[in-house]
Amino acid sequence: MQEVGFLGMGIMGKAMAMNLLRHGFKVHVWNRTLSKCIELKEHGAFVEETPAAVIKKCKVTIGMLSDPAAALSVVFDKGGILEEVCHGKGYIDMSTVDAETSIKIGEAVNDKGGVFLEAPVSGSKKPAEDGQLIILAAGEKALYDGVLPAFDVLGKKSFYLGEVGNGAKMKLVVNMIMGSMMNAFSEGLVLADKSGLSPTTLLEVLDLGAIANPMFRMKGPSMVSSDFNPAFPLKHQQKDMRLALALGDENAVSMPVAAAANESFKKARSIGLGDLDFSAVYEIFKVTEPSP
Ligand SMILES: NC(=O)C1=CN([C@@H]2O[C@H](COP(=O)(O)OP(=O)(O)OC[C@H]3O[C@@H](n4cnc5c(N)ncnc54)[C@H](OP(=O)(O)O)[C@@H]3O)[C@@H](O)[C@H]2O)C=CC1
Ligand SMILES: O=CCCC(=O)O
């Protein structure tokens, strides 16, 4: 499988498509905003006008879209993949969505004779550029096996999790934990600062102890210097908290920590931080009560 379609040239999709091109794949790309395909074209990608045109040319097409509405749109709307998907074609949705969205897409693709895999990823812009993602796939096993050469380029490890929906759920659980951790981390950095400690020294202390982790190590220094250039946009993290909380509702799991974290991300969105990196949630903890 050396030819692949790719829908969605956002932060992740562009990095992943570039990576496939670098490894010798022929890549047919589409993006709602066409201008985002220019750089891909310069690197040898074929730019198509609709998702349907991509799937017509490729046996396997990957989608990497912002949210459930976008994931559904490229499948069901005019010019969408349902217009061309048929026997012998596979569609792989790597966006972070809820299980219900994934199942709906999978059933529609199957009804047209195609095969479907969901494959959301852990890892952000840099792992996407470096082919170091963690792929959480579920759905048609034969498609999974067939697409492994591409997954091996995109990721450092692929998991096959069984029926459609399990990949989405695994991804939401992971991001729910990550979003909650980011809130606790932000509170700690502000608490250190406001109580007269150096946040930079706190980072050093954390990194030597039992809760050292790559996220604190990577995001900490840029947070302290108020650099929120987006790798993972805050609006997407809030979407993931919302979808994870809905999964909690369905399963009667009490999630007070995640619910509080979701409120923080919502507050950050409401003051215009949605397009910044999700670590910008830090900003809302800096706001102090005005003195009486
Ligand atoms: N960034 C990250 O670190 C990670 C992100 N993810 C997940 O991957 C997905 C993509 O994330 P990311 O690349 O960061 O997001 P971006 O916001 O950078 O890109 C979103 C993409 O979705 C497209 N899109 C949005 N709405 C529609 C629509 N209605 N119809 C068609 N296309 C649409 C955008 O097109 P246009 O350019 O026209 O706006 C763009 O190509 C999300 O589900 C996210 O949660 C998963 C792991 C890590
Ligand atoms: O969905 C985004 C995940 C970002 C990450 O795993 O670093």
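Let me begin with a question: which exposed residues does the face of α10 turned away from its buried side carry? They're P214 and R217. Before I go further, please keep in mind that this is a predicted model.

Okay, let's stay with α10 for a moment. The helix runs over residues 214-224, and its buried residues are F216, K219, G220 and M223. Those four sit on the same side of α10, because they cover an arc of only 120° around the axis. If you're wondering how that pattern comes about, remember that an α-helix has 3.6 residues a turn, so residues three or four places apart point the same way. And what do the buried residues of α10 pack against? The answer is three other helices: α8, α9 and α13. One more detail here: just after α10 you'll find S226, with a positive phi of about 55°.

Let's move on to S279, in the loop that links α12, residues 256-270, to α13, residues 282-286. Is S279 buried or exposed? S279 is buried, because 25 other C-beta atoms lie within 10 Å, and the cut-off for calling a residue buried is 20 or more. Leaving aside residues up to four places away in sequence, S279 touches M182, K219, S222, M223 and F228.

Now, α9. That helix spans residues 199-208, and T200 is part of it. T200 counts as partly exposed, because it has 14 C-beta neighbours inside 10 Å. For T200 and G131, 69 residues apart along the chain, the C-alpha atoms are separated by 30 Å.

Next up is α8, residues 166-194, where we find K171. In UniProt, an unreviewed entry has the annotation "active site" covering K171. In the model K171 is buried, and the reason is a count of 27 other C-beta atoms within 10 Å. Again skipping residues up to four places away in sequence, K171 touches T96, P120 and L136.

T96 turns up again when we look at ligand 2. Which residues are around ligand 2? They are T96, S122, G123, S124, N175 and F232. Sorted by class, that shell has 5 polar residues, 1 nonpolar and no charged ones.

Let me zoom out and finish with the whole chain. The domain assignment gives domain 1 at residues 3-164 and domain 2 at residues 169-286. Their C-alpha centres are 28 Å apart. Where the domains meet, 13 residues of domain 1 are in contact with 13 residues of domain 2. On the domain 1 side, the residues touching domain 2 divide into 5 nonpolar, 4 polar and 4 charged.

UniProt has something to say here too: an unreviewed entry places the feature "domain: 6-phosphogluconate dehydrogenase NADP-binding" at residues 3-162. That span is 41% helix and 24% strand, and its end C-alpha atoms lie 25 Å apart.

That's my tour, so let's take questions.

Notes:
Residues numbered from 1 in each chain as written. Chains lettered and ligands numbered in written order. Predicted model: local features only at pLDDT ≥ 70, side-chain atom pairs only at ≥ 80, totals over all residues. Helix = DSSP H or I, 4+ residues; strand = E, 2+ residues; numbered from the N terminus. Buried ≥ 20, exposed ≤ 12 C-beta atoms within 10 Å, placed from the backbone. Contact = placed C-beta atoms within 7 Å. Near = placed C-beta within 6 Å. Nonpolar A, V, L, I, M, F, W, Y, C, P; charged D, E, K, R; others polar. Domains from an automatic or database assignment. UniProt positions renumbered as here; feature names shortened; annotations may be inferred. Arc of directions from axis to C-beta.
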